[in-house]
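Visitor: Hi! I'm new to this one and would like a walk through it. Could you show me the structure first?

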Amino acid sequence: MNSSLSFRCCGSRNLLRRYVSTTTSTAKPTPSPSSSSSPTSTKRWLGILFVTAAAAGAGAYIRSSSPSSSTLNQESFTKYSLVSREPVSTTSSLFTLRPRYPSGSNYDVYEDAWRIGVWSVMFKQPQLQIGRDYTPLPTTAATSLSVDEENDGYLRFFIRKDPFGEVSRYLHNLAIGADIEMRGPQIECVIPEETREIVFVAGGTGIAPALQAGYSLLSREEQQSKDGDARPRSRIHILWANRLKEDSLGGESDTPKIVTQRSSWFSWFGSKSSAQVTLPSDTHEKTTSLIVKELEALKSQYPGQVKVDYYLDEENRFIGKSDIADAVQPHSSTEDSGNTKLILVSGPEGFISYMAGPKVWAQGQELQGPVQGVIKELDLKDWGVWKL
Ligand SMILES: Cc1cc2nc3c(=O)[nH]c(=O)nc-3n(C[C@H](O)[C@H](O)[C@H](O)COP(=O)(O)OP(=O)(O)OC[C@H]3O[C@@H](n4cnc5c(N)ncnc54)[C@H](O)[C@@H]3O)c2cc1C
């Protein structure tokens, strides 16, 4: 099903394919080097390839009205039905969708995308004819999907309800059973085959691509070791920041926390009052968030390979320079030459800018821009940096 993953513009929206690297592609797309990289590591990361352009602003207008397809693809919209919407916090929910016409071909499309790295799909808001991107969650032991549902191509999403957002509000107001049209997959970042170490700096719903990156890295490695590959085991360290305690309820950090004091980059989130998701009445302080359960499941599935640290704006615990510096400390198990190390940053625009500098627009394209912010200050060598 590789045709569905062709890396090119599609429909009315010009999409940026955010390649990290690939050992199989003729192009060698890689993450942008930290501006302070050594010449060797700079060479390693020189293969950045910007293939297409991205739409301006937060989303895109859908001008085409191609007929709906029964298998997810980049050209036309495919109908899914909303199976369930479970509150994760008062401002976010876990959506489960199933293809209107279930078939194994959807599963094949997803499999290709999972193998490559981080991917998203675009949802359509039919009344306004606008689209927004959302990140499918991988399947873990915490997932409520059955094998049949997985084979039928069910997808799950962690979506925050923006108080003033057109599409996220629309999605949160849909009745169960309603249709949702989507197209994709859009490859956001190719994780190179030789990657053995990822530090993922996530803010808010930026945790969805972090789960994807963990799943992609570790499930791929699982397959490689079954095939006799004896390279060192991969690791992912996720630093997840949230504004409110309820966003990561039950999450316990693997690293004893260092409290970093400074002002919040989550102020952009704005007021929460007008967009609250109603939590079930039995929800109380001790409930573990569905996303924390997903992270816990990933940790149990790959013991010793996944580390998660939680940060809370509400408790003045912010991701600071020293947290990232600790996370990138060399591990003897992965200090093998030829291994690629990546720092991926995902979250609100202000969060990405603070951590790694803003992405930039040039000639209608959204580009990575130079590495700045906290990560630049760390003066890291040998780490590729990619802003999602
Ligand atoms: C690759 C990718 C993957 C993503 N994955 C996820 C995911 O898994 N989960 C998730 O929750 N989100 C995800 N997002 C974000 C998502 O695509 C949407 O941007 C988000 O849901 C908000 O969309 P919206 O239509 O609800 O809000 P919008 O209508 O786009 O508004 C966003 C904000 O901008 C403000 N705004 C809009 N227009 C103006 C204006 N003219 N002037 C001033 N302010 C304005 C609004 O008040 C609102 O606060 C992802 C984004 C990308 C690019």
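**Where two helices meet**

Guide: W114, R115 and I116 of helix α2 touch Q212, Y215, S216 and R220 of helix α5. Contact here means heavy atoms within 4.5 Å. The model is predicted, so local features need pLDDT of at least 70 and side-chain atom pairs count only at pLDDT 80 or more, while totals for chains, interfaces and linings use all residues. Residues are numbered from 1 along each chain as its sequence is written, and side-chain values use heavy atoms, with hydrogens and water left out.

Visitor: At what angle do α2 and α5 pack?

Guide: About 90°, and their axes are 8 Å apart. That makes α2 roughly perpendicular to α5, a label used for angles of 65 to 115 degrees. The axes are lines fitted to C-alpha atoms, for helices over the stretch in contact, and angles run from 0 to 180 degrees between N-to-C directions.

Visitor: And how many residues of α5 are buried?

Guide: 15 of its 20 residues, so α5 is mostly covered. Buried means under 20% relative accessible area, exposed over 50%, and partly exposed in between (1.4 Å probe, protein chains only).

Visitor: How far apart are the end C-alpha atoms of α5?

Guide: They are 28 Å apart, and this agrees with the span that 20 residues should have at 1.5 Å a residue. The expected span is 1.5 Å times one less than the number of residues.

Visitor: New spot. Where does S234 lie?

Guide: S234 is in the loop between α5 and β10. Helices (H or I, at least four residues) and strands (E, at least two) are DSSP runs, numbered from the N terminus.

Visitor: Is S234 buried or exposed?

Guide: S234 counts as buried because its relative accessible area is 0%. Beyond its neighbours within four places in sequence, S234 has contacts that include L217, L218 and E221, as well as T195, R196 and Q305.

Visitor: Which peptide bond is cis?

Guide: The one from G184 to P185 is cis, with omega near -5°. P185 belongs to strand β8. Most residues other than glycine have a negative phi, and most peptide bonds are trans.

Visitor: What about phi, then? What value does N316 have?

Guide: Phi of N316 is near 55°, which is positive in a residue other than glycine. N316 sits in the loop between β11 and α7, and it is partly exposed at 37% relative accessibility. Q363 also has a positive phi, about 50°, although it is not a glycine. You'll find Q363 in the loop between β13 and β14, where it is exposed, with a relative accessible area of 83%.

Visitor: Zooming out, how many helices and strands does the protein have?

Guide: Nine helices and 15 strands. Of the 388 residues, 54% are buried.

Visitor: And what share of contacts links residues 24 or more positions apart?

Guide: They account for 76% of the contacts with a separation of 6 or more. G350 is in helix α8.

Conventions
Angles under 35 degrees count as roughly parallel, over 145 as roughly antiparallel, 65 to 115 as roughly perpendicular and the rest as oblique.
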